[in-house]
Amino acid sequence: MELIFKWLKSPKILVILAFFTLAAIVMLDKNEFILKFKDQYINNIDRDASEEYADGGLDSQDNKTQTQAPEISIEWWQKELCKPEVLQLQPSTTYLRLPMLGRDITPSPNDYNIFLGETACNHQPLYRAYCSVESYAHENPTAKVWFHTTSPLIDNGDGLITKLEEAYDNLKVVGSDLTKIFSGTPCEKVFMAGEWAHNTPWPANNVSNLLRNVVLWLWGGLNSDTDCICVRNLTHVRNMASYDEQDKVVNNAIMHFDAGHPFTYELMEYLKKNFKVATWVVNGPGAATAIAKKMCGTEDLNEVYLNHCSNVTLRPLREMQLFRWPYWNNYFKDNQGEHFAEEHQDAYIVHLYNKLSKKTAVPIGNKGIYDEIARAHCPVTYEAAKRRTNFF
């Protein structure tokens, strides 16, 4: 033991021990540094990763930027027709952005086209409107049915649009590029001036009366208001307008003309010179009646109805509207529709006169005329309505 103490007290041994002690201290500090650096690195990686994935990841964030739907471009005429809240809607699974008629999609004049327009910028059309649209697709499978709207987006929250387009491959729900559609037509200046939207209670009706003539002149086909139900195939019916024999009035709510037909051209020229912003009849039935008289060379249109005219056929109420407007309520009376098909075999279209009937709630299943023809001729819409409400 004494020898060991002497050996430890030797200067050489003390130097050696001091060296190894210092080396041990350095090694411990180095390991601690490495461990601390390693922990910090791991923690930083974890934090960066969690922040990255919280944002969806770098790739995901890039994808978000790439797949985000572009903002809706609002046209000047939509600002005139649409409510402010409609213009603020953004595309989603509920609100669909539609292909635009005249820009993204163009009808062929070689098809039998059927056009139904919604010009009031209603992003949630009523079931009655969809029933009208479906009835034309249902009864005319070889026709191309176009439901065109002025709203930038349309509500598909209940999936009805999807169901209709799946059920009928001849049906398209589209938006409308009115600027492009009116471009180069006789009605272009009337439309672009925008006076149709001011000092009038009916801006949407004004646009509708202009648009239907332009659409038929460009692409040809049948125009129908959305308060009409088609109850029979009519693809053989051409170059005609609905006619009230009693009042001797041509109704532009229902008319067919081939593309480029002189009747629709004359209608556009007439409106170019005689358009009235605040008079209900002048731009619609008034214009159609005036042009029929001019082109057929008579003041008594019953002569045209009985003897025909080379430019237009006038089809009677029993075929193209059924009841005259004072009797619109006949469609909604309970238990009056059971024998409709047998009693009205000449009918192609039933006109509901929405201006008068729109506030009349129709109980689903009341077996009135409207209830019966809706159940038979727009079955998809009828079932959708039945699931959501007790009234049509």
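Buried means under 20% relative accessible area, exposed over 50%, and partly exposed in between (1.4 Å probe, protein chains only). This is a predicted model, in which local features need pLDDT of at least 70 and side-chain atom pairs count only at pLDDT 80 or more, while totals for chains, interfaces and linings use all residues. Residues are numbered from 1 along each chain as its sequence is written, and side-chain values use heavy atoms, with hydrogens and water left out.

The structure holds three disulfides, a disulfide being a pair of cysteine sulfur atoms within 2.5 Å. In one of them, the sulfur atoms of Cys-82 and Cys-121 are 1.8 Å apart, and both residues are buried. Another disulfide is formed by Cys-131 and Cys-378, with 2.0 Å between the sulfur atoms. Cys-131 lies in helix H6 and Cys-378 in the loop between helix H17 (369-377) and helix H18 (379-388), so this pair ties together parts that are 247 residues apart in sequence; helices (H or I, at least four residues) and strands (E, at least two) are DSSP runs, numbered from the N terminus. Cys-296 is joined to Cys-309, S to S 2.2 Å, and both of these cysteines are buried.

The largest nonpolar core has 55 residues, among them Ile-114, Tyr-136 and Leu-234. Such a core is a set of buried Ala, Val, Leu, Ile, Met, Phe, Trp, Tyr and Cys residues joined through side-chain atoms within 4.5 Å. Helix H6 (residues 127-139) supplies the largest share of this core, six residues. A second, separate core of 51 residues includes Val-174 and Met-268.
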